[in-house]
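Got your viewer open and a selection tool to hand? Let's take a short walk through this model, stop by stop.

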Amino acid sequence: MEIKTTVQGYLIYAAIAAHLLAFMVSVVGLKKSGRAIYAVGFALVVIAFGYRWYHVQHVPLQNLFEVFLCMGMFFPLSVFCRRFLRVGAETADMMIGVIVLIPAGFIFSAEPRQLPPALQSWLFAPHVFVYMFSYVLMAKATVQAAAQLFIRNGKPSDPELVSYELGTYRVICLGFPLLTLGLILGSYWGKWAWGDFWGWDPKELWSLVSWLAYLGYLHFRYMHGKKHSNINSILAIIAMVTIVITLLWVNLAKIFAGMHSYAS
Amino acid sequence: MANDVPGVQAQAAPRWLKFRRILLWVMLAFFLALMTLSVRGAFVGSERAGVLFNSALLVIFWVLFLGLFVVGLVVFRGLVRKPGLLMIHLGCVCVLLGAMWSSEKGHFLQKKLLGIDKIPQGYLAIQEGTLNNHVEAEGTGEPLGDLPFYIYLDDFWMEYYWRPGTLHVRDGQGQSWEIPAEVGRTLELPEPMRRLRVLRTLTNLKVTDRVTDRPWDNVNPALDIEIEWADGTRKRTYVLPTDMPHPTNIEDFEFGYVPNENIMPKDYFSDLVVLDYRNNTQFSKVIEVNKPLHYKGYHFYQSSYGSEIRQTTHGSQRVWYTVLNVVSDSGLQMVFAGYILLCAGVFWHCWLRHIPAYFVKRNAKPLIQAD
């Protein structure tokens, strides 16, 4: 645990404070004010990300500090889900922002590093961006799945919004193409960087596990629809656990040595 | 099935429905098996995972998995009728077929069935100024075969991320000073001088009348400094590294630059010449990480490098060599085609096909207008 007494650190702490305030304001019922403060929090994260980009002189997606900072830029996706998919739980999205920004602010080192030769590719930014946005979308889907399991009748209070089970499905359908694209871009990049489109690296294998987990959810839902809503939700939550393992455990645990260890 | 057209469902025989349901459960079981094997592979490491997934038992698994896709495309007419689903499943078939064809067993089949004799993967070490076509296995150095052409290494070099070093100054009385070699840094000097200022840091100083055998070498550091005398006279000069045989001496002062040793490699370059005598072809290409050479069914990747001391009649000499990862491109086009289909299918099915319906719904007028 470290306090970052730098401009970068202060920007992140301000963003955390804004997200937390937005969450508390929304919880007490002031939704519009909450959204406005959420937007301010998003702007602060964007400034922090841009500042980092300027400071390190390359796209800041190399280590866990940078990717978690990137995941803090979730606001537009939250708005999109509400506006076009009629999936709510924006208050939970604000808390997701707090959860991903806290490790960036207090845990992961912000020590800048130069890009090693393998990362100097035009595929670096799309591969990581796409994965990070898919991860936050799957986190939102997990919130919907948990709400389906624990809230009676599985429906939000706002009649304009869809049920939590359908919300889980819609958000997973939004995030799954990004998860697929991230996996494919990684494989394609691996071919040009290392000579192999699949090297059986632990990161690659866990990414495949998380992709298959969501594929299994989609196939199960195709088979049974909403008949087994609880099982659908449990599958979505299990799939999210595989994402957490892929993102954190693989990078941080010494037992998973591989080519992606530079991200730790 | 939940999403089947109800009319079709009503007409389909119950046994047929049961068969389709069993097929879907079998597919889910395959997903679970592949997930379990992948977790196992992640724990044992990439080398052992590679052996596991290419073992005889897993070959059977892959063939059955592929068969499941093909059967699914036949049994589920919806997969063929819906373009997104068709692309997704065809894409998976292409990826599996391409991956199988590119494997070691796939190369064995290529040789047996089609007479194509290619080395699946190996390493090629080439010293500067020499050519080579012997591909070896990693680690053991076991010979894997010869390429049908030669690769000549014209030059190997590296680029670095530069960090500022230190500027050293010493006067005739034995006094010495040092400052970080950063632009804008100043140093107060005793008489007859007054002050020194660092104007520029150069990573690759080129002097036009100097001949080198490494014209692309990016490691020729120098400092551009300005010295001011007590009477206000100024002089600008270059300061070279202290290990160079020509220090910068002005009056009784000696100036030397000590570059930072903790510099990180930015990239590695090999200037290769392909010599294909059978086809009377010769061309050169500079490769680096992420930019391999592709020729006659092989990709050549910048993998590693090294140097060794060689004894010559003129004394010892450091000779650089590059190590290229040589990979056959068999099956690669099929895999990439599969990726394109899979990606296009997923985006179409999950995202794009809903867009027209969204706008139609949004623009639809209600049947009864409210007063």
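You're looking at a predicted model, where local features need pLDDT of at least 70, side-chain atom pairs count only at pLDDT 80 or more, and totals for chains, interfaces and linings use all residues. Residues are numbered from 1 along each chain as its sequence is written, with chains lettered from A and ligands numbered from 1 in the order in which they are written.

First, select where chains A and B touch: 40 residues come from chain A and 40 from chain B (contact means C-beta atoms, placed from the backbone, within 7 Å). On the chain A side, helix 7 (164-194) and helix 8 (202-224) each supply at least two residues (helices are DSSP runs of H or I, at least four residues, numbered from the N terminus). Helix 8 of chain A gives the most, with 14 residues.

Next, keep helices 7 and 8 of chain A on screen. Their axes, lines fitted to C-alpha atoms over the stretch in contact, come within 10 Å and cross at roughly 145 degrees, with angles running from 0 to 180 degrees between N-to-C directions.

Last, select helix 9 of chain A, residues 229-252. Look for a kink of about 35 degrees centred on Ile245(A) (the bend is the angle between axes fitted to the seven residues ending there and the seven starting there). What covers the buried residues of helix 9 of chain A? The cover includes helix 6 (124-150), helix 7 and helix 8 of chain A; buried means 20 or more other C-beta atoms within 10 Å of a residue's own.

Key:
Two residues are in contact if their C-beta atoms, placed from the backbone, lie within 7 Å. The expected span of a helix is 1.5 Å times one less than its number of residues.
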